[in-house]
Each structure stands twice: as structure tokens, then as C-alpha cells.
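I will look things up in turn and write down what I find.

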Amino acid sequence: RRAARGAKAIVHFATKKIPKYGGTLDTLRVNRAGIETVLETASRMRPRPRVLFASTSDVYGQNPHLPFSEESRLVIGRTDIRRWAYAISKIFGESLGFAYREAHRVPFVALRLFGMYGPREILDWRGGPQSVFIDAALRGEPLIVHGDGRQTRSFTFVDDAVDGVIRARESPRAEGQVFNIGHDREIA
């Protein structure tokens with residue numbers, strides 16, 4: 001709360017990522033507590049700061065209709081598969097943000113980030129598939145492809161993502177919206 005004092009905006013990027021090797025309960029608890037703390041803090045401030053919440057493209061889940069838009073359906077897989085805990089926690093965070101907007105007039109913006117990459121990247125699965133591809137390419141190793149190779153991804157250079165976040169923070173029209181922040185070109 002002290003860190004937010006006087007802030008015009010709070011950009012909430014902290015997250016517990018996909019529980020690839022376990023930690024599903026931690027992913028759900030940590031991500032819920034983080035956004036709830038930020039929103040509760042913002043609701044008590046005057047004037048209320050705009051809250052920008054870093055969500056994820058994973059919220060689109062298994063939706064087969066590409067490319068995704070902000071209006072695309074969220075089609076999550078089975079809840080007993082730990083992979084979906086991260087997406088579910090982000091869907092909850094978005095919903096909670098819009099609920100605080102309605103109940104407490106907290107200005108809220110959801111940012112669905114797509115596969116960021118850039119300098120100082122964590123070059124393992126914690127950084128996402130783009131990190132694994134970059135690491136393999138830098139080592140001269142083959143890129144591992146799962147499935148039939150027809151899956152596509154949208155990767156976003158970190159500077160472009162930062163530009164999107166700044167625009168969402170500064171534009172009066174961004175309040176109350178969901179924005180996909182990613183490259184408009186999919187690659188296989």
C-alpha cells in the first residue's frame with residue numbers, strides 16, 4: 001500500500017506461471033492473492049489509480065478459431081490438468097478487476113500478453129516456448145516441436161509489449177477494456 005501511495009497507475013505484472021512440474025495450488029493462490037491485493041489497495045485510494053493487469057493469451061485455451069481477438073471465446077481445457085491453472089487464475093483476475101470496476105469504480109484494463117521475448121530472457125520453460133526455441137537456436141540445437149507441427153504462435157518483442165502497456169496506461173479510452181498485446185503475424 002505504501003508503494004502505491006500517490007500512484008496514478010498500478011501495473012500488475014507479478015505472476016506465478018504455468019505449473020509445468022507441479023505447484024498448481026500455489027499458482028492459483030498466489031495469482032488470486034496478488035490481483036486481489038492490488039485491486040483492494042486501489043479501491044481505497046483517492047483518486048483511484050488505473051490498474052493494468054497482465055493477463056495472458058493462454059486464456060483463449062483450446063479455442064480453435066484463429067486469429068484470436070479480444071472478443072474471442074475463452075475455451076479452457078479440463079480442470080484436472082494442471083496446465084490450465086495459470087489461465088484460470090488469469091481469467092479470475094480479469095473478472096475480479098471488472099467486478100472492482102463495477103463495485104468500487106476502480107479504473108481497470110486487462111492486457112492479454114502473447115509470448116514476449118527479448119534481452120535478459122529466461123531461456124527455459126519458465127520463459128515460455130519462445131525461450132526454449134531461442135535457447136536451442138543459440139546453441140545450434142534442433143527446435144523441439146510437439147504435436148503435428150501445425151500449431152502456430154504469436155511472439156512479441158518486449159519493446160513492442162512495453163509500448164502497448166504505455167498506450168493502455170495513457171489512453172482515456174483504454175479504461176474498462178481488454179487488449180491483446182502481441183504480434184499480428186503467427187508463426188509455426
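I start with what lies against helix α2. Its buried residues are covered by elements that include α1 (24-44), β2 (50-56), β3 (108-113) and β6 (178-181). I note before going on that this is a predicted model.

Which residues of α2 are buried? I list Trp84, Ala85, Tyr86, Ala87, Ser89 and Lys90 among them. Gly93, Glu94, Leu96, Gly97 and Tyr100 complete the set.

Next I check the length of α2. The helix runs over residues 84-104, which is 21 residues. At 1.5 Å a residue it should span 30 Å.

I step off the end of α2 and meet Arg105. Arg105 sits in the loop between α2 and β3. Its phi is positive, about 60°, although Arg105 is not a glycine. Is Arg105 buried or exposed? Its relative accessibility is 71%, and exposed means over 50%. Arg105 therefore counts as exposed.

Arg120 lies in the loop between β4 (116-117) and α3 (129-139). Its phi is also positive, about 60°, and Arg120 is not a glycine either. At 82% relative accessibility, Arg120 counts as exposed too.

**Entry: cis peptide bonds**

I turn to the prolines. The bond from Arg46 to Pro47 is cis, with omega near -10°. I place Pro47 in the loop between α1 and β2. The bond from Leu66 to Pro67 is cis as well, with omega near -5°. Pro67 belongs to the loop between β2 and α2.

**Entry: rings and a charge**

How many aromatic pairs are there? I get a count of six aromatic pairs, taking ring centres within 6.5 Å as the rule. I also find one aromatic cluster, formed by Phe53, Phe98 and Phe108. What sits over the ring of Trp84? I find the charged end of Arg83 there, 4.4 Å from the centre of the ring.

**Entry: the whole chain**

I step back and count elements. The protein has four helices and six strands. In what pattern do they follow one another along the sequence? I read β-α-β-α-β-β-α-β-α-β.

Now for overall dimensions. The C-alpha trace spans about 55 × 35 × 30 Å along its principal axes. For 188 residues, a compact globule would have a radius of gyration near 16 Å. I find 17 Å for the protein, which agrees.

I ask next how much of the chain is buried. Of the 188 residues, 37% are buried. The protein exposes about 11,800 Å². Carbon and sulfur atoms supply 52% of that area.

My last look-up is about contacts. I take those between residues at least 6 apart in sequence. What share of them joins residues at least 24 apart? I write down 73%.

Key. Residues are numbered from 1 along each chain as its sequence is written. This is a predicted model: local features need pLDDT of at least 70, side-chain atom pairs count only at pLDDT 80 or more; totals for chains, interfaces and linings use all residues. Side-chain values use heavy atoms; hydrogens and water are left out. Rings of Phe, Tyr and Trp (its six-membered ring) pair if their centres lie within 6.5 Å; planes under 30 degrees apart count as stacked, over 60 as edge-to-face and the rest as tilted. A charge sits over a ring if NZ of Lys or CZ of Arg is within 6 Å of the ring centre and within 35 degrees of the ring normal. Helices (H or I, at least four residues) and strands (E, at least two) are DSSP runs, numbered from the N terminus. The expected span of a helix is 1.5 Å times one less than its number of residues. Buried means under 20% relative accessible area, exposed over 50%, partly exposed in between (1.4 Å probe, protein chains only). Contact means heavy atoms within 4.5 Å. The radius of gyration is taken over C-alpha atoms; the globule rule is 2.2 Å times the number of residues to the power 0.38. Accessible areas come from the Shrake-Rupley method with a 1.4 Å probe; for residues, only the protein chains shown count as cover.
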